[in-house]
Amino acid sequence: MESKIMLIDDDMFLLKRIAAHLKSAGYLTKVYLEGDSAVREFSSWNPDLVLLDLHLPGMDGFAVCQKLRAVSDVPIIILSSDDQVADKIRVLDAGADDYVIKPPDLGELGARIRAALRRRFASPLLSDKNRIGEYVSYPDLLINLTNYAVIYEGKEISMPPKELELLYRLASSPNRVFTREQLLDYVWGYDYLGDARTVDVHIKRIRQKIKDHAAWSLTTVWGVGYKFTTSSQTF
């Protein structure tokens, strides 16, 4: 089945260029020049991934991102000519998964899309099958990197890929302190151009979903970075 990608950008030339590239790669695409209609039609078309420009007429990209994230965990990749760190942090805080500077290199953009879709379509395993693959487990918490599942207090938690990868990196090395720069390299890659504060944004979002436990906690090491603190062993 072909993956569906929603493109939202007021630059028609760029839209046509990206859409043609994606169609040649086997994707179904739908383009929008503004955010309002994209939000209205999102649920009915149900795309597998969204490419979203920040600066749109009417409803801007920040608002679109927040509205889509409120109803779906679909991967959202931001396209923007703005390289300001503050905007990157703001849009990641709004729920975006990735940020690409315009004009994008189509090869790199395609690779980011494929990676996001692989994570999205990784099949979650249920109950006793959660302990298959690459995972780490603590009392009331299991993070499976193979199927991108997080089980917290017996329930599966909805968590975008970068949040899950960040949590896994910390939890798989208990009591080790990681700097923000190390975490940025591990999770986003050494060639990622974003600011280290991106890590802070994702930690904040993880803490909103997973609260500290008597046996473990997500700890801030002031002036350095973060660690997953525990007195128990993984099992």
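Which backbone oxygen does the side chain of Thr230 reach? The side chain of Thr230 reaches the backbone oxygen of Ala215 at 3.0 Å. The model is predicted, so that local features need pLDDT of at least 70 and side-chain atom pairs count only at pLDDT 80 or more, while totals for chains, interfaces and linings use all residues. Residues are numbered from 1 along each chain as its sequence is written, and side-chain values use heavy atoms, with hydrogens and water left out.

- Thr230 belongs to strand E12 (residues 225–230); strands are DSSP runs of E with at least two residues, and helices are runs of H or I with at least four, numbered from the N terminus.
- Thr230 is buried, with a relative accessible area of 10%; buried means under 20%, computed with a 1.4 Å probe on protein chains only.
- Apart from its neighbours within four places in sequence, Thr230 is in contact (heavy atoms within 4.5 Å) with Tyr138, Pro174, Asn175, Ala215 and Trp216.

**The open sheet**

- An open sheet is formed by 5 strands in the order E2-E1-E3-E4-E5, with parallel pairing; two strands pair if DSSP finds at least two bridges between them.
- Strand E2 (28–32) and strand E5 (98–101) stand at the edges with a single partner strand each, so one side of each lacks a neighbour in the sheet.
- Strand E3 (residues 49–53) and strand E4 (residues 76–80) run parallel and are joined by 4 bridges.
- Leu52 stands opposite Ile78 in E4.

Note on methods
Buried means under 20% relative accessible area, exposed over 50%, partly exposed in between (1.4 Å probe, protein chains only). A polar contact is a pair of N or O atoms within 3.5 Å; within protein, one must be able to donate a hydrogen and the other to accept it, and residues adjacent in sequence count only if both atoms are side-chain atoms.
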